[in-house]
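The following note sets out numbered points on helix packing and sheet architecture, for reading beside the displayed coordinates.

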Amino acid sequence: MGEPLRQPLEPRTPYPAATKRKLSSELWKHRKEYLAISPFYLLFAVFGLFPILFSMYLSFQRWDGIGVMTFNGVNNYRFMLTDPEFWKAVGNTLLIWIYSTIPMLFSALVVAFLLNASFVKFRTFFRIGYFLPNVTSLVAVSIVFSTVFSNNYGLLNYIFTLFGLDPVEWLNHTWGIQLAVSFMVIWRWVGYNAVIYLAGLQSIPTVLYEAAKIDGASGIQSFFRITLPNLRPIILFTVITSTIGGMQIFTEPQVLVGNDGGVNGGGLTIVLYLYREAFINNYFGYGSAVGWGMFVLIALFSLFNWKMVQGKGTM
Amino acid sequence: MGKTRMYIFWLLIVVFMVSGCSSNSSNPNQKTLTLWYWNRGLDDKLIQAVQKQFPDVRINAQKIGGDFKSKLKTTLAAGSNGPDIVAFNDWVTELFPSADRFYDLYELGAKDIEPDYLDWKWQFGVTPEGKMIAMPIDTGPTALFYREDLFSQAGLPTDPEEVHKQMGTWEDYFKAGEKLQQSLGNKVKLTDNIGGIYTQINAQSDKIYFDKKDDFIGESSDSSMKKAWDLAVQASQMGLIANANSFTSEWNAAMNNGKIASFVGAVWCKQILMDAAPDTAGKWRVARAPGGDGNNGGSFLAIMKTSKHPKESFEVMKWLMNPENQVTAFKDINLFPSATQALDAPVMKEKEDFFGGQSTGEIFTESARNVKPAYFGSKYANLNGIVTRELQSVALGKDPNTAWAAALKRVKKELLR
């Protein structure tokens, strides 16, 4: 798909003749259009492009946020690659991503499938209901979850003791913190992804299912042979967006267990580490370097996911 | 035809912008001072009274919400348009390397009022080079908060003076804690968390991580770093710690449910405790802390170098922080004074119902008078973070020697950055 249709064009003056003068006159001719689209580009240049370039510059500087910047060579990057806490943060982030994304996307698919089924009543209500967590304030959610997973007085432990089980000190264990954070992510994003899947499901032509039925395919067969292949680009999209989002988890662990990532740093994600080093410990140059490290990681990881989901041969 | 209209439009915009910049005051000599502080950092009523006290000054007080420190840093980095007067918390020492961004208050006449303030608090705002960048607002003297009823059930002394006599050192306090936990069937822990003990012991010391040359002294025998570490580890190994991080919902619940019998904290913990543990009203008392008096927290005022009115700013600060007004601020919003005269005010001795009719002010004023001046260094918070992280893993079973080695290694790496 996607090859743009080329209409036979009227013969035009060949492009190579175009000079600088010509370009500027082209610009001048379309000045109103350019003016109309300029606000986005201006805002992007100021609030997007400049900070990105500046952080690149900053990552080679030593700067406490107030004093003078001094050139630091690649020392920031060297410190990052040799800092065990950075690698711990990378590991934590990957683990939390795995704990959260796989169950999240799977349940989103199930939810979407159910919402698409003809026997479900009040579909709009459920769609809104599932989407609602996504627009809830993240800090409020984190505070609520912190009382759910609280070590001694949490809701979860209350339920455990009701059933005669021993309470678990969730936030005193690395896995407990990561589980709690993953749970928050799942709760928040299932509905969002379900809505996207739902749109995908509805775009699959019903004739395919009808044809399969006539050929004697079972429900499961048509799910795996028709639904999944047709949803593949949508799944790819959700995997990539949740990779980018998952690599940037910050608020959940910060509100849940604090700037240090809690006991043994179980909730120390890459962004939390970046925040701590830059804004708590005043290493702004180093924080920028970590930001670029994270950029590389996300790019690699997205590429990996892309290859995985696309499968061989389809690229 | 559109063109003329456009010109008028732009002209109007310019006129509005220009007129918006000029002050519309009736007094032509009036100077506007911008002040940055945070909610409850200063007494709002006093700030409003500045206008009456100084007819030539219009004060533009802005409460900066959210992350105050990073907003201040952003402003400092931008280099202009900052406030005239700015409040700092106890992270003032992090700003020492940038001391030239602030007026030296000694040059504006601060020497004259120096004797009015607690010396250790005053020194807190003076750089090792002798530049005074910040003047005291409030202090956070520390003391032992304890549950009188639980101490009594465990057969421990209950009178604040007796408590201090029998638990004058941390070792004695821990011993008493063992007795307390045994007699109460191990349902109550002596204190809240390991990091708290470590931080409080350092807060009682005059030598922590750095000397005034900013050399690391944590490994020398007269620094409190290792002592504090060892005592904190000891408390953990004796099982005296509830592992409830300070001021979390966990901590609040443990306090309210009577699971924690005592903790060493600053005077501002009073308000937090009252809000966290309403069910325990009347059962708490305060005694002088084991190990000596210390300070934790307390804020400052400084004048930025970009200010055009340093003299006026200093006059306003001086007035805001004079002993009388410190008493007012204590009455209004519980800012604990830093001026010695204010500590003697009768209002400091009022009885408090939450503390069973005890006048805790007597304990805290005494503590405030006896704090030793300490130098924290610009990397105090970084180092404290590293060490308390390791201590937390000790509390959950990591070998203390391994943890100490790891902490020292990380600290040294940090010092080389």
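**Notes on helix packing and sheets**

1. In this predicted model, helix α8 (residues 174-202) of chain A packs against α10(A) at an angle of about 145 degrees, the two axes being 9 Å apart. The crossing of α8(A) past α10(A) is right-handed. On the α8(A) side, the contact is made by A:N193, A:I196, A:Y197, A:G200 and A:L201. They meet A:T227, A:L231, A:I234, A:I235, A:F237 and A:T238 of α10(A). Sorted by class, the contact of α8(A) with α10(A) comprises seven nonpolar and four polar residues, with no charged residues.

2. The axes of helix α2 (residues 31-58) of chain A and helix α13 (residues 284-310) of chain A come within 8 Å and cross at roughly 115 degrees. The two helices, α2(A) and α13(A), are therefore roughly perpendicular. Here α2(A) passes α13(A) in a left-handed crossing. The residues in contact are A:I52, A:S55, A:M56 and A:L58 from α2(A), and A:F284, A:G285, A:S288 and A:W292 from α13(A). By class, five residues of this contact between α2(A) and α13(A) are nonpolar, three are polar and none is charged.

3. Nine of its eleven residues are buried, so α12(A) is largely enclosed by the rest of the structure. The buried residues of α12(A) are A:I270, A:V271, A:L272, A:Y273, A:L274, A:Y275, A:R276, A:E277 and A:A278. Within chain A, these buried residues pack against α4 (84-116), α10 (219-247), α11 (251-257) and α13. They also pack against α16 (380-395) and α17 (400-415) of chain B. Just after α12(A), A:N282 adopts a positive phi of about 65 degrees.

4. Turning to chain B, five strands form an open sheet of mixed pairing, in the order β2-β1-β3-β8-β4. Its edge strands are β2 (57-63) and β4 (135-136) of chain B, each of which pairs on one side only. Inside this sheet, strand β1 (residues 31-37) of chain B and strand β3 (residues 85-88) of chain B pair in the parallel sense over two bridges. The residue opposite B:W36 is B:V86 in β3(B).

5. Two helices of chain B contact these strands. Helix α2 (residues 44-53) of chain B packs on the sheet and touches β1 and β2 of chain B, its direction making about 155 degrees with that of β2(B). Helix α12 (residues 310-320) of chain B lies across β1, β2, β3, β4 and β8 (300-303) of chain B, and runs at about 165 degrees to β8(B).

6. Chain B also has an open sheet of three strands, in the order β6-β5-β7, with antiparallel pairing. The edge strands are β6 (262-266) and β7 of chain B, each pairing on one side only. From one strand to the next, the twist averages 30 degrees. Strands β5(B) and β6(B) run antiparallel and are joined by five bridges. Across that pair, B:L144 stands opposite B:V264 in β6(B), and B:A143 stands opposite B:G265. The antiparallel pairing of strand β5 (residues 142-147) of chain B with β7(B) has four bridges. In β7(B), B:A287 is the bridge partner of B:L144.

7. Which residues of β6(B) point one way and which the other? B:S262, B:V264 and B:A266 point one way, B:F263 and B:G265 point the other way, and all are buried. In regular strands, side chains alternate between the two faces of the sheet. With five of its five residues buried, β6(B) is therefore largely enclosed by the rest of the structure.

8. Strand β7 (residues 284-287) of chain B is likewise covered on both faces. B:W284 and B:V286 lie on one side, B:R285 and B:A287 lie on the other, and all are buried.

Methods. Residues numbered from 1 in each chain as written. Chains lettered and ligands numbered in written order. Predicted model: local features only at pLDDT ≥ 70, side-chain atom pairs only at ≥ 80, totals over all residues. Heavy atoms only, no water. Axes fitted to C-alpha atoms, helices over the stretch in contact; angles between N-to-C directions. Parallel < 35°, antiparallel > 145°, perpendicular 65-115°, else oblique. Left-handed = near helix turned anticlockwise from the far one by under 90°. Contact = heavy atoms within 4.5 Å. Nonpolar A, V, L, I, M, F, W, Y, C, P; charged D, E, K, R; others polar. Pairing = 2+ DSSP bridges. Buried < 20%, exposed > 50% of the residue type's maximum accessible area, 1.4 Å probe, protein only.
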